[in-house]
Amino acid sequence: LAPAAAFLAWKPRTTDADSPKLKAVRLYQNLLAFHKDDADKSAFLDADLHRLHFAYNTAFGEEKSARYKAALKEFASAWADHPLSAKARHEWAQVLHAEGDFVEARTVALQGKNAFPDGPGGKLCHNLIQQIEAKEVQVTTERVWAEPLPMLRVQYRNITKVHFRAVRLDWVARLTRDRYRPEQLTDADRREL
């Protein structure tokens, strides 16, 4: 998860010369070295982003996410004028989103979307913003109701008001019908309720 220059200088030491991870590291080193002096940096930057993603997926430890976010932030800042910076911002925002930091994830994704709205990274950022801003509501309760009555749990996101109604149903009569899963409602059942 180090910068590309440090990664290229890195000489991994291991007793397992046939390790798939070691082969992948060497492959990324060869790929980055090959494209290092290209006039168009697109291939180098794309390989570097893939290398960072590979490192994040294979790394472990408490600092993994923080180091990955720092590497993506550095990448996006250093190459802010290149369309792949938006893809780096998308990866960064995804990690923030997975950590539950929706506000910061949206901010980072919005920067990527605004920088390159028509590029692949900008479109990925747009999709992540849509996912973050999506309205969601979920009502759950226990499957079996007995005394004392169970609690209804309402979870919502990006909604200011939620209205719902509980409707009494003759469950015993419903069980006597020819039903494989009596808790599932058909369209006719919904209309009846």
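Select glutamate 133, which counts as partly exposed because its relative accessibility is 34% (buried means under 20% relative accessible area, exposed over 50%, and partly exposed in between, with a 1.4 Å probe and protein chains only). Before going further, note that this is a predicted model, in which local features need pLDDT of at least 70 and side-chain atom pairs count only at pLDDT 80 or more, while totals for chains, interfaces and linings use all residues. Residues are numbered from 1 along each chain as its sequence is written, and side-chain values use heavy atoms, with hydrogens and water left out.

Glutamate 133 belongs to helix H7 (residues 120–133) and arginine 106 to helix H6 (residues 102–115), so the pair ties together parts that are 27 residues apart in sequence. Helices (H or I, at least four residues) and strands (E, at least two) are DSSP runs, numbered from the N terminus. Arginine 106 is partly exposed, with a relative accessible area of 31%.

**Second stop: the whole chain**

Zoom out and colour by secondary structure, where you will find nine helices and two strands, following the pattern α-α-α-α-α-α-α-β-β-α-α along the sequence. The radius of gyration is 25 Å, well over the 16 Å that the globule rule gives for 193 residues, so the protein is more spread out than a compact globule (the radius is taken over C-alpha atoms, and the rule is 2.2 Å times the number of residues to the power 0.38). Taken along the principal axes, the C-alpha atoms fill a box of roughly 75 × 45 × 30 Å. Of the 193 residues, 28% count as buried. Among contacts between residues at least 6 apart in sequence, 44% join residues at least 24 apart, where contact means heavy atoms within 4.5 Å.

In one of them, the side chains of arginine 51 and aspartate 48 meet at 2.5 Å, N to O; both residues lie in helix H3, three residues apart, about one turn of the helix. Are these two residues buried or exposed? Arginine 51 is buried, and aspartate 48 is buried too.

Next, select arginine 190 and aspartate 187, whose side chains meet in a salt bridge of 3.4 Å, N to O. These two are three residues apart in helix H9 (residues 187–192), and are therefore separated by about one helical turn. Arginine 190 counts as partly exposed at 49% relative accessibility, whereas aspartate 187 is exposed, with a relative accessible area of 53%.

Turn to the largest pocket, which has a volume of about 1100 Å³. Of the 20 residues that line the largest pocket, the closest to its centre are Thr141, Trp145, Val167, Leu169 and Trp171. A pocket is found on a 1 Å grid over the protein atoms alone, as an open set of points where a 1.4 Å probe fits, with protein on both sides within 12 Å along at least five of seven lines, and lining residues have an atom within 4 Å of a point. Grid points are joined across faces, edges and corners, and a volume is the space filled by probe spheres set on the points. Strand S1 (136–140) and helix H8 (171–176) each supply at least two residues of this lining.

The second largest pocket holds about 380 Å³ of space. Among its 16 lining residues, the closest to its centre are Trp10, Val25, Phe54, Ala55 and Thr58. Helix H1 (4–9), helix H2 (20–35) and helix H3 (42–58) are the elements that give two or more residues to the lining of this second pocket.

**Last stop: a histidine and an asparagine**

Select histidine 90 in helix H5 (residues 84–98), which counts as buried at 8% relative accessibility. Leaving aside neighbours within four places in sequence, histidine 90 is in contact with Gly121, Leu124, Cys125 and Leu128.

Finally, find asparagine 158 in the loop between strand S2 (153–157) and H8. Phi of asparagine 158 is near 60°, a positive value in a residue other than glycine. Most residues other than glycine have a negative phi. At 40% relative accessibility, asparagine 158 counts as partly exposed.

Definitions and conventions:
Salt bridge = Lys/Arg side-chain N within 4 Å of Asp/Glu carboxyl O.
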